[in-house]
Each structure stands twice: as C-alpha cells, then as structure tokens.
Amino acid sequence: MNKKETKSRHWGRLVILIAVLVVFAIGAYALRLYGQTRNAIEGTHQSIGESQAAAAVFKQKKPFSLLLLGTDTGAEGRHDQGNSDTMIIATVNPTTKQVLLTSVPRDTMAEIIGRKNFTVAKINAAYMYGGSKMSLQTVNKLLGTSMDYYMTINMGGLQKVVDAVGGVDVDVPFAFSWNGSSFTKGAMHLNGKQALDYSRMRYDDPENDYGRQKRQRQIITAVIKSAVSTGTLTHFQEVLKAVTKNMTTNLTFDDMVQIFLNYRTAGQDVKSDYIQGVNAYIGDASYQIAPTSELQRVSDKIHQAEGLETVTLDNEEVRQNKLNANQGFVFTNPTVDQTFTIFDQNSDTMPWQG
C-alpha cells in the first residue's frame, strides 16, 4: 500500500468523534427543535434486532457500552463499503460518572463472527463482510462483551462538526507537520481541518499507530466535554444535516434523548485504553496479534467499568494463542488451504504472552 492510500485510509480515524458528539448533543438540541431533529435522526436508524430489554437500559439509567465505528468512505471519491478504520468501545457509567474509551486496533487478528464460512482476518474486515452488525458481533466475541448498540460514521462532514463545537483544545505531545497543518508541543486549539490532520499522522509518531490512537482519543475527550454544553452548538442545523448524511445507528431518537438526559454528567470524566498487540506478519500482510493476557485485561476493564462481573475468554483468539505458543508460532487460517508462519517484525522469535 502506498503512502497516498494509507493517508486516505487513516483520515477516517477522527470521524468517530462525530458519534460521541451526536450521543451527547442531539438530545440537547431536540428539546428546542424536537420535530425537526426527530425526523432527521430517524433517517439514520438501522435496526439489527435489538431487544426491548436493551432499549430499557437508557430509561433505567444503567451503565452501557456502545461500539463506535469510523469508516474510510464518504470522501475523496470513496463510496464503497470499505473497512471500519476506527473501532472504539465507549462504556458509560452514570453511577461512577465516567466514560471509558477502548480502542480496538484495526489490524487486530480476530475471528469474523457471522460469516457462513469460518474466517479469521483483520478485525476491520468485519465491516466489509457484514457491516455494523458483523462488526458488533465480532468485537463482542473477541472481548466477551454483550453490546447491543453501534454508531457508524464515515469521514464525510467531519470538519463542519469540529468547527461547530468551536474547535478542540489538546496538549500536543511533540511538534510535527502533516498535510499543511503544523503543530507545536504544548497546548493548542485546533479547528476542524487541524483536528483531522492531527489525528491522521502516523509515521512520524514514535509510538506509530498506538500514538495516533492516543491523539484520536485525546480529541474525542475534548469534543465530549464541549458537547456537554449546548451553547457550543451555534450551527447545529448545519451539523445535523452533515451528520445524518454520513451516519447509521441502531439507537433511536428517543434513545439519544434519554442518553443526554441521564448520562451527560459522565462525559466530564473520560478515561481511555486500548488493546496492545504484537507486531507480526502473515505472508506480506501486517497484523496485530493480541495475547490472551491482554485480551483478558481489556475485557475485565470494560466489564468492571460497566459494573458487570468479569468473564473468562474462550474464543478463537485464545485457541490460536495456545496453538502458536506450543507449535513454533504457526497459524493455520481455516479460510484458505495454507499455513503461515507468524513472526515479530523486530525479532527472530515471537515474544508471545498467550
């Protein structure tokens, strides 16, 4: 993949902040233009068979987790199904008044749940195979979670949303330039264009993709805090139009209003985490292999943040970790008649922790 293709793909990473903005802000504006807002938001609704019990969670003010998906389509001439360039689990707890944002790296190897044929691939391929529903099923299986809801945004319309909240304040970790935007170490206020570029840069970051994920969550946190105050949405109708053309969700309009009314205080304390994988190659393709211990740690943290009992993971990733640890790190992909050797790109052997 050349740099131009990579640049286009990773522009989609910041789009997930629109989802956070919508969850916290739609309800606020709905109190003023109820009918107009309802009609616009209902056009984004796509049910995947969620239960009535799941819908009652918001009215009962219970903690919940929501899968946020950012896709690499909707701009630069891309209108195919595409992959989910960003996957974040947002866990909201009104009792502890905290939000936990957990990034799932796009290259994480996982079993794709919902396919007729058994498939193991990069987790972002779940969206290409089966849209938001398959992405939700795959992440749930990977981490033993039981999320019922998703929100999917493509990169179209993002810049207007960031500008509509008056920009975002971030603490830049190091100086760099990207796509015409320059950033200096320390506190900066970013407009929409700058926020996009801030989230896109990868190769000059000493932490590579993980550093980019940190910058992305940094901007999401700033947007959540801005969205809590309805006064920042001075151009909301324009934003609403842009968002509804580029968003699908199985949250209803009433769900969003309930989230705003019952959970907005949680947005004042936002914490973040991510799945730390091992760099590896299968053939010529680069993957992130998540050790069992790391998957279990992240699973436990999400369950605890939601006030639930932890579960012991038992899935294909756990099975493959055991096989690779015992068989010289050889992985068999059941989707094709071929066996691949997995190795760390920085070492002759895999530093496995399974």
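Here are a few friendly notes on a predicted model.

1. Before you start: residues are numbered from 1 along each chain as its sequence is written, and side-chain values use heavy atoms, with hydrogens and water left out. Local features need pLDDT of at least 70 and side-chain atom pairs count only at pLDDT 80 or more, while totals for chains, interfaces and linings use all residues.

2. Rings of Phe, Tyr and Trp (its six-membered ring) pair if their centres lie within 6.5 Å; planes under 30 degrees apart count as stacked, over 60 as edge-to-face and the rest as tilted. The whole structure holds 8 aromatic pairs. In one of them, Phe 58 and Tyr 149 have ring centres 5.2 Å apart and planes at 50°, so the pair is tilted. Phe 58 belongs to helix 4 and Tyr 149 to strand 6, so this pair ties together parts 91 residues apart in sequence. (Helices are DSSP runs of H or I with at least four residues, strands runs of E with at least two, numbered from the N terminus.)

3. Phe 58 also meets Tyr 263, with centres 6.5 Å apart and planes at 80°, so that pair is edge-to-face. Tyr 263 lies in helix 10, so here the parts tied together are 205 residues apart in sequence.

4. Next, look at Arg 115: its charged end sits over the ring of Tyr 129, 3.8 Å from the centre. The test asks for NZ of Lys or CZ of Arg within 6 Å of the ring centre and within 35 degrees of the ring normal.
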